[in-house]
Amino acid sequence: SVFATNGLAILTPTSCEVQDTLNGMRCVQMVHPIDSEGKWKLLTISSILKVNGQLYTIKRVMPDFVGASGSVTVYAEDIWYQQADGWLFPDDQPITATTGQSALNGITFRTDYQYRQGSFIYAFQGTSDITDVSISIDIADGRTPIDAILGSGGLVDQIGGELHRDNFSFSINQR
């Protein structure tokens, strides 16, 4: 497993709120004190938080110093959104499928992940139990995998279903 240990530190935040929208954003806003142990220094962009068993990537860090103390507020998104670092390059041929699973396979197959310094590419596994549909996802202008799944004209927009995320696994199944 990519995360076989607890990581670098067990944090002691003063608040931690998870926002989870059906077929939408899942994110965390956490406030951590500027502590004498220096755990607050571990809260950096691209670091991973584990909250309620789920992994989140830190996207913003906002320190608020008050003398030698204060707090750090971080905003983190579900690790699933790291798939947005991939790109379905423009192609005149749409992704067509007759099941949710074959559409997910097509999106995965055609996604190109560009390695950037400091970035990590994780393997995500998607499944779907939705069958007997006609799907055509336009990628003529290019898209991210997230947009091809959740965006306008994307998979969920065409077939419905409910998105479930569990770290590196996800499903789009019938409601």
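**Entry 1**

I began with Asn23, which I found in the loop between strand S1 (15-20) and strand S2 (26-33). The model I am reading is a predicted one, and I keep that in mind for every entry below. When I looked up the backbone of Asn23, I noted a positive phi of about 55°, although this residue is not a glycine. Is Asn23 buried or exposed? I wrote down that Asn23 has a relative accessibility of 18% and counts as buried, because the cut-off for buried is under 20%.

I then turned to Asp132, whose phi is near 55°, again a positive value in a residue other than glycine. I located Asp132 in the loop between S9 and S10, and I noted that Asp132 is exposed, with a relative accessible area of 76%.

**Entry 2: the sheet of S9, S12 and S11**

Next I looked up how the strands are arranged, and I found an open sheet formed by three strands in the order S9-S12-S11, with mixed pairing.

I followed the pairing of S11 with strand S12 (residues 169-173), and I recorded that the two run antiparallel and are joined by five bridges. Within this pair, I saw that Glu162 stands opposite Asn173 in S12, and that Arg165 stands opposite Phe170 in S12. The hairpin of S11 and S12 has two residues between the strands, and there I noted that Asn167 takes a positive phi near 55°.

I also compared the two faces of S11: Leu163 and Arg165 belong to the covered face, whereas Glu162, His164 and Asp166 belong to the uncovered one.

**Entry 3: Arg165**

What does the side chain of Arg165 reach at 2.7 Å? I found that it reaches the backbone oxygen of Gly24 at that distance, and that the side chain of Arg165 also makes a polar contact with the side chain of Asp20, at 3.3 Å. Leaving aside the neighbours within four places in sequence, I listed the residues in contact with Arg165, among them Thr21, Met25, Arg26, Gln54, Asp78, Trp80 and Tyr81. Phe170, the residue that stands opposite Arg165 in S12, is also in contact with Arg165.

**Entry 4: helix H1**

I next looked up helix H1 (residues 100-110), and I saw that this helix lies across S9 and S12, running at about 155° to S9. Which residues of H1 are buried? I wrote down Gly100, Ala103, Leu104, Gly106 and Ile107. Seen down the axis of H1, the buried residues fall within an arc of 160°, so they line one face of the helix.

I then asked what these buried residues pack against, and I listed strand S7 (95-97), S9, strand S10 (135-137), helix H2 (145-150), helix H3 (155-159) and S12.

**Entry 5: Ser152**

From H2 and H3 I went to Ser152, which lies in the loop between these two helices. I noted that Ser152 is exposed, with a relative accessible area of 65%. Leaving aside the neighbours within four places in sequence, I found Ser152 in contact with Arg143, Asp147 and Asp157. I also looked up Ser152 together with Ile58, and I recorded that they are 94 residues apart in sequence and 26 Å apart in space, C-alpha to C-alpha.

**Entry 6: the cysteines**

How many disulfides does the structure hold? I found zero, and I noted that Cys16 is in no disulfide, the nearest cysteine sulfur being that of Cys27, 11 Å away. From the side of Cys27, the closest cysteine sulfur is that of Cys16, and I wrote that 11 Å is too far for a bond, because a disulfide needs sulfur atoms within 2.5 Å.

Terms used: Residues are numbered from 1 along each chain as its sequence is written. This is a predicted model: local features need pLDDT of at least 70, side-chain atom pairs count only at pLDDT 80 or more; totals for chains, interfaces and linings use all residues. Side-chain values use heavy atoms; hydrogens and water are left out. Two strands pair if DSSP finds at least two bridges between them. Helices (H or I, at least four residues) and strands (E, at least two) are DSSP runs, numbered from the N terminus. Contact means heavy atoms within 4.5 Å. Axes are lines fitted to C-alpha atoms, for helices over the stretch in contact, and angles run from 0 to 180 degrees between N-to-C directions. Buried means under 20% relative accessible area, exposed over 50%, partly exposed in between (1.4 Å probe, protein chains only). The arc is that of the directions from the helix axis to the C-beta atoms. A polar contact is a pair of N or O atoms within 3.5 Å; within protein, one must be able to donate a hydrogen and the other to accept it, and residues adjacent in sequence count only if both atoms are side-chain atoms.
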